[in-house]
Amino acid sequence: MSSKRHSILPSASQSGPKPPVHLSSSLTIADSAVLTGTHQITVHGESVIHPRARLDSHAGRVTIGRRCVVHERATIGSSSSGLASARSSAVLSSARSSMASPGVLSPTAAVAGSGGEAASQSTTAQAVTLGDYVTVEVGAVIEAGGTVVGDGTVVGVGARVGAGAVLGKRDLRHENHCTLTPQSAVPPGDVVPDFTVVYANGMRRTDRRGMVELKNKGLARQIEVLRRLIPSNPAKFA
Amino acid sequence: MATAFTPYSYIQCPCSDITPTDRRSGGSPTTPEPDDDDRAFDPRAPRSSFSLYPLEYLMYCEDCHQIRCPRCVAEEIVTYYCPNCLFECPVCVGPLAVTSVETKPDPNLLAAPDNSAAPLAGPYALTCSYCLWTSTEVGIQFDKPNGIHAQLAKLRNGGTTRLTAKERKERRKDPSYKAQPPPPDSQDLDHEAQFANLKAFYQGQLADPNTADAGLALLGDLGFSSPTSLSRIMSIYTGGSLLHDKKAKTRLGAMREALDPDEGLLVASLDESAAISKLRSEGLDGTASTAQLVGQPPNMVEPPLHGNERFLDTLRPVPHLLRTKRSKRCPVCRHIISKPESKVQTTRFRIRLVAGSYIPSISIRQLALSSGTGSGTSASGPAVPGAPLEPLKPAHFLLTFKNPIFETIKVTLGAPATTPGRFASRVTVLCPEFEVDANTDVWDEALKNNAERDRELRRRRGESVSANSGGISSANQLEVGKIWERGRNWVSIVVEVVPASLALAPGNPPLREDEDVLEIPMFVRVEWEAEMAGDEVGAAPSRSNSEAREKRELAYWCVLGVGRIRQR
Ligand SMILES: [Zn+2]
Ligand SMILES: [Zn+2]
Ligand SMILES: [Zn+2]
Ligand SMILES: [Zn+2]
């Protein structure tokens with residue numbers, strides 16, 4: 001029944017190479033999540049990866065901090081062509097990567113596969129790093145390319161973080177807490193100060209609620225529920 | 001050409017008929033009536049745009065058996081309400097929610113999962129869930145989560161409380177308070193307080209004209225500061241007879257003006273250096289936009305002059321406007337055709353007679369036909385949905401009529417052979433008369449005994465060769481008088497159009513907006529048999545008995561927008 005219901009969506013196939021992973025034992029990762037690429041994918045403790053979420057390490061290393069939630073059809077580490085609109089990016093990026101992997105991206109892949117140390121520099125330059133307590137909502141896209149999403153940041157439904165953008169201060173303390181409202185975008189390379197709210201077609205303001213603790217508590221509670229709801233299968237990706 | 005065209009069907013409400021409904025009942029029209037059959041409906045006539053509605057906008061009166069539109073129904077207010085005493089965000093106009101401001105830090109946040117599911121306690125703030133604005137940004141917090149409006153009226157930006165007019169009056173009466181002089185700080189005078197003080201001062205002046213100030217005696221001669229003119233002016237603004245003192249007319253003594261804040265004097269603060277230095281530090285991003293300032297309610301709480309509401313951090317929550325729920329009545333028989341639940345919280349309706357559950361819906365789709373099919377009818381090329389129509393080349397459209405009622409309906413269509421307007425396209429309805437089966441329950445259909453079902457299937461096949469819908473199929477044929485396809489409660493028929501050329505002879509005015517849209521006026525007559533009056537049309541039919549049934553009929557014009565004609 002459920003497969004019929006989802007039939008309008010393209011099937012999230014496990015196409016492309018299987019990346020080396022480092023998954024925390026306390027993490028929750030759905031069976032139908034997609035981990036693809038050639039660089040290391042690291043997910044720290046108590047984070048939740050929803051079904052059909054996509055972690056793509058073709059361009060570089062993907063690191064996800066503690067107590068993060070990556071929702072359905074969110075893409076972390078998509079190649080930064082910037083062609084796809086945020087709305088259809090989940091669909092497009094899966095198609096793109098499957099097309100592009102033999103051609104454009106294979107040199108990097110070969111280097112990374114052969115010598116880990118030699119490739120480490122390009123790995124960090126093209127990496128995606130998520131701090132702790134980061135929420136990436138449905139269909140959001142975080143492009144690869146030295147992109148940093150600071151602690152406590154919420155990337156809203158269908159939002160897009162451009163390649164190399166930095167949300168919050170570069171040193172990942174518990175001080176970042178940016179919010180991208182649904183369908184908003186941060187252009188590539190942009191550095192967004194702590195507690196910035198990006199809303200309404202690129203408007204920005206500062207979050208002065210001072211609700212960091214409350215927000216983090218709420219997220220912790222949400223993770224508690226999700227852990228019971230989502231059957232975790234980390235063995236599949238190991 | 002920029003955007004793909006989406007076909008549409010609009011229905012004309014009978015209320016827009018020039019001759020009113022009494023025509024059928026044989027009323028005596030004073031003017032000679034034009035022959036109705038000759039008067040084809042012109043969807044391009046300027047009046048038409050006021051009478052055409054999508055089916056979803058229309059209502060239906062069960063007593064008059066007639067379509068009713070938003071223009072002809074009578075509305076009555078069921079309830080007034082401000083939606084749950086809500087407030088809007090002053091920054092982004094999103095709705096604000098009351099949230100608890102919890103300041104207690106949790107040191108072991110990441111290590112230990114939160115175990116205190118304690119109910120949220122105060123203080124409370126209004127928070128926007130979209131742009132994350134919060135009333136604490138202007139220093140406003142609430143002790144209680146309810147009665148926000150009353151609490152807000154007592155709070156100044158920054159959180160200091162103020163006296164309401166009532167409290168001030170009580171305090172003035174209180175002798176213990178009167179003994180000590182009020183603080184002379186004019187900044188404490190907000191809009192309300194200043195007006196109250198001024199009013200009290202002038203009332204005192206009126207009562208005692210002998211305290212006339214000598215310095216203003218000269219003006220007194222001109223009548224500006226006389227109690228008479230003052231009472232006239234005051235009565236204009238207050239509208240009351242409070243100050244209307246007949247005896248005062250004879251008095252010409254001059255009055256003095258307010259001299260201190262307690263009398264309502266407010267000195268304008270012209271020192272704007274604070275605002276300028278704030279602008280320097282915060283920049284333009286810190287200032288409020290014109291739209292945000294316009295959205296602010298009149299702030300009765302702050303001092304009225306200078307320096308207010310220029311910066312984002314002075315914006316206050318905006319109360320929602322008053323709303324109403326309305327019921328709708330039939331204009332002819334006064335029966336209620338729509339009535340919402342009066343409770344504010346519910347979105348349900350007690351009565352809601354929408355046209356969509358009484359008259360068939362019409363959906364339009366262009367048909368792709370490979371050449372050679374059909375019986376001699378020329379066929380169109382491959383149809384790209386929404387693509388422009390080629391002039392002078394026949395195109396075919398599939399009209400699907402879906403029957404919402406529990407009776408079989410007979411549909412008769414009439415369309416002028418050519419569309420009205422400057423560009424006459426030819427229109428042929430291949431099957432203008434057909435029956436659409438009742439909207440029976442899907443399970444009824446499935447549980448019918450086999451013989452009955454077979455009979456029905458045979459009947460369906462007899463009229464149309466079953467085939468895949470819409471595809472290029474040799475089974476479906478463009479035959480005059482034959483329907484294209486039939487389903488449980490729907491029937492598809494084909495309309496052939498030959499779009500006119502949009503070429504204009506020299507000297508003619510250029511193409512008007514949307515004049516390239518091919519619109520087909522179509523007269524729809526629906527006939528069915530229903531149980532005798534008193535029963536609802538929508539009631540389930542009782543098949544077995546042969547009760548007296550009456551014929552019903554509904555006829556109306558509609559317009560079908562099928563596509564744009566390609567311009568050269
Ligand atoms: Zn009407
Ligand atoms: Zn209210
Ligand atoms: Zn807001
Ligand atoms: Zn009526």
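Me: How many bridges pair S7(B) with S8(B), and in what sense?
Reply: In this predicted model, strand S7 (residues 95-100) of chain B pairs with S8(B) over 5 bridges. The pairing is antiparallel.

Me: Which residue is the bridge partner of B:Ser100 in S8(B)?
Reply: B:Tyr124.

Me: What's the strand order of the sheet around them?
Reply: The order is S8-S7-S6-S9 in chain B. That is an open sheet of 4 strands with antiparallel pairing. Strand S8 (124-128) and strand S9 (318-319) of chain B stand at the edges. Each has a single partner strand, so one side of each is left without a neighbour in the sheet.

Me: Next, S16(B). Which residues are on its covered face, and which on the uncovered one?
Reply: S16(B) spans residues 426-429. B:Val427 and B:Val429 form the covered face. B:Arg426 and B:Thr428 form the uncovered one. In a regular strand, side chains alternate between the two faces of the sheet.

Me: What does S16(B) run antiparallel to?
Reply: Strand S19 (residues 490-498) of chain B, through 4 bridges. Within S19(B), B:Val495 is the bridge partner of B:Val429. B:Val429 belongs to the covered face of S16(B).

Me: Switching to single residues. Where does B:Ser9 sit?
Reply: In strand S1 of chain B, residues 8-12.

Me: What does its side chain reach?
Reply: The B:Ser9 side chain reaches the backbone oxygen of B:Ile362, at 3.3 Å. Setting aside residues up to four places away in sequence, B:Ser9 touches B:Pro54, B:Ile362, B:Ile364, B:Val559 and B:Leu560.

Me: And B:Lys339, which strand is that in?
Reply: S11 of chain B, residues 336-340.

Me: What's its relative accessible area?
Reply: 25% for B:Lys339. Buried means under 20% and exposed means over 50%, so B:Lys339 counts as partly exposed.

Me: What does B:Lys339 contact beyond four places in sequence?
Reply: B:Ser327, B:Phe349, B:Arg350 and B:Ile351.

Me: How far is B:Lys339 from B:Glu75, in sequence and in space?
Reply: They are 264 residues apart in sequence. In space the separation is 9.8 Å, C-alpha to C-alpha.

Me: Zoom out. What's the helix and strand count for chain B?
Reply: Chain B has 10 helices and 21 strands. Of its 568 residues, 37% are buried. Take the contacts in chain B with a separation of 6 or more: 70% join residues 24 or more positions apart.

Me: What are the counts for chain A?
Reply: 5 helices and 21 strands. Chain A has 238 residues, and 51% of them count as buried. For chain A contacts with a separation of 6 or more, residues 24 or more positions apart account for 40%.

Me: What's the strand order of the open sheet of 8 strands in chain A?
Reply: S2-S5-S8-S11-S14-S17-S20-S21, with mixed pairing. Strand S2 (28-29) and S21 of chain A stand at the edges. Each has a single partner strand, so one side of each lacks a neighbour in the sheet.

Me: Which strand runs parallel to S8(A) over 2 bridges?
Reply: S11(A), residues 135-136. S8(A) covers residues 69-70. The bridge partner of A:Val69 in S11(A) is A:Thr135.

Me: And S20(A) with S21(A), parallel or antiparallel?
Reply: Antiparallel, with 4 bridges. S20(A) is residues 196-199 and S21(A) is residues 203-206. A:Thr196 stands opposite A:Thr206.

Me: What's in the hairpin between them?
Reply: There are 3 residues between the strands. A:Ala200 takes a positive phi near 45 degrees.

Me: What lines the largest cavity?
Reply: Chain B residues, including B:Arg44, B:Thr419, B:Phe423, B:Glu515 and B:Ile565. By class, the lining has 5 nonpolar, 3 polar and 4 charged residues.

Me: How much space is in the second largest cavity?
Reply: About 40 Å³. The residues lining the second largest cavity include A:His177, A:Phe195, A:Asp207 and A:Lys215. Its lining has 3 nonpolar, 2 polar and 3 charged residues.

Terms used. Residues are numbered from 1 along each chain as its sequence is written. Chains are lettered from A and ligands numbered from 1 in the order in which they are written. This is a predicted model: local features need pLDDT of at least 70, side-chain atom pairs count only at pLDDT 80 or more; totals for chains, interfaces and linings use all residues. Side-chain values use heavy atoms; hydrogens and water are left out. On a 1 Å grid over the protein atoms alone, a cavity is a set of points where a 1.4 Å probe fits but cannot get out, and a pocket is an open set with protein on both sides within 12 Å along at least five of seven lines; lining residues have an atom within 4 Å of a point. Ala, Val, Leu, Ile, Met, Phe, Trp, Tyr, Cys and Pro count as nonpolar, Asp, Glu, Lys and Arg as charged, and the others, Gly among them, as polar. Grid points are joined across faces, edges and corners, and a volume is the space filled by probe spheres set on the points. A polar contact is a pair of N or O atoms within 3.5 Å; within protein, one must be able to donate a hydrogen and the other to accept it, and residues adjacent in sequence count only if both atoms are side-chain atoms. Contact means heavy atoms within 4.5 Å. Two strands pair if DSSP finds at least two bridges between them. Buried means under 20% relative accessible area, exposed over 50%, partly exposed in between (1.4 Å probe, protein chains only).
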